[in-house]
Amino acid sequence: MKPAQITRTISSPLSWSEIPWGEYYRAALEQQLTPWWPKLFGYHLLKIGPLSSQISTEKCGISHQVSIGEKGDNMQVIADPYRLPFSAKSVDACLLSHTLSFASDPHRMLREVDRVLIDDGWLILTGFNPTSLVGLGKLVPGLRKRLPYSSRMFSMMRMLDWLQLLNYEVLYEHRCQILPWNRRGGLFIGKHLPVLGCLSIIVARKRTIPLTPTSLRERSQRASWRGTVGATKSFRKRSD
């Protein structure tokens with residue numbers, strides 16, 4: 001597997017209109033995230049990156065919403081996403097819409113987001129799916145230097161593995177928009193082959209306890225078993 005960190009910098013588009021069929025992508029993401037916004041509660045929603053700032057979040061239960069990035073017209077805070085100017089555990093939800101697609105070090109960015117998120121905070125990730133028509137564009141020499149093919153594309157399993165290491169509970173994972181140039185995104189094909197969707201969407205929550213806790217009964221059984229084994233070894237030594 002290729003390392004996530006790279007040395008070169010990738011210029012991020014300032015709006016979805018700079019990406020071919022970008023408005024279709026934005027509309028598809030907003031449609032998929034619409035059922036989730038009313039479930040978010042708290043005081044602060046952080047939208048990281050210029051593309052995140054243009055995602056409609058009017059139905060979100062969090063009223064105070066801040067867009068942050070290094071540049072862009074819709075930014076309320078101009079700052080480095082790798083060094084967020086917020087204290088630890090001060091943000092209730094973070095939206096990274098294709099932010100990791102243009103990040104040179106996605107691991108570092110996720111750790112910084114994890115730092116500012118409160119316990120049980122919400123994290124929403126979107127990106128381009130490498131096993132899609134957009135992913136195939138990376139194989140064409142004349143296209144892979146243009147948007148969106150020049151962006152980084154991480155598989156769903158790879159992003160889920162990152163979140164698992166940070167102890168996040170994934171509540172929703174989905175791929176959509178199989179046909180980039182179609183406003184409906186190929187809904188009929190998407191019902192049968194969702195793995196080919198151009199867009200990947202993950203909704204997760206930060207957890208502070210293990211996702212698979214060990215029950216007290218199981219712990220007591222292990223302790224008694226270890227005690228039995230220890231007593232048996234001690235008896236054998238005395239017998240010898």
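This is a predicted model: local features need pLDDT of at least 70, side-chain atom pairs count only at pLDDT 80 or more; totals for chains, interfaces and linings use all residues.
Colleague: Which residues of α5 are buried?
Modeller: Buried means under 20% relative accessible area with a 1.4 Å probe and protein chains only (exposed is over 50%, partly exposed in between). Helices are DSSP runs of H or I with at least four residues, strands are E runs of at least two, and both are numbered from the N terminus. In α5 the buried residues are Met-156, Arg-158, Met-159, Leu-160, Trp-162 and Leu-163.

Colleague: Which elements do the buried residues of α5 pack against?
Modeller: Packing here rests on contacts (heavy atoms within 4.5 Å). One partner is a helix, α3 (106-116), and the others are strands, β5 (117-128) and β7 (199-206) among them.

Colleague: Why does the pair of Trp-36 and Tyr-172 count as tilted?
Modeller: Rings of Phe, Tyr and Trp (its six-membered ring) pair if their centres lie within 6.5 Å; planes under 30 degrees apart are stacked, over 60 edge-to-face, the rest tilted. The whole structure holds five aromatic pairs. In this one the centres are 5.6 Å apart and the planes meet at 45 degrees, so the pair is tilted.

Colleague: How many residues apart in sequence are the parts that this pair ties together?
Modeller: Trp-36 sits in the loop between α1 (22-33) and β1 (44-48). Tyr-172 belongs to strand β6 (residues 168-176). The pair therefore ties together parts whose separation in sequence is 136 residues.

Colleague: Is Trp-36 buried or exposed?
Modeller: Ring pairs link Trp-36 into a cluster with Trp-122 and Tyr-172. The relative accessible area of Trp-36 is 12%, so Trp-36 is buried.

Colleague: Which residue puts its charged end over the ring of Trp-36?
Modeller: The test needs NZ of Lys or CZ of Arg within 6 Å of the ring centre and within 35 degrees of the ring normal. The charged end in question lies 4.2 Å from the ring centre, and the residue is Lys-39.

Colleague: What share of the 240 residues is buried?
Modeller: The protein chain has seven helices and seven strands. Of its contacts with a separation of 6 or more, 68% join residues 24 or more positions apart. The buried share is 42%.

Terms used:
Residues are numbered from 1 along each chain as its sequence is written. Side-chain values use heavy atoms; hydrogens and water are left out.
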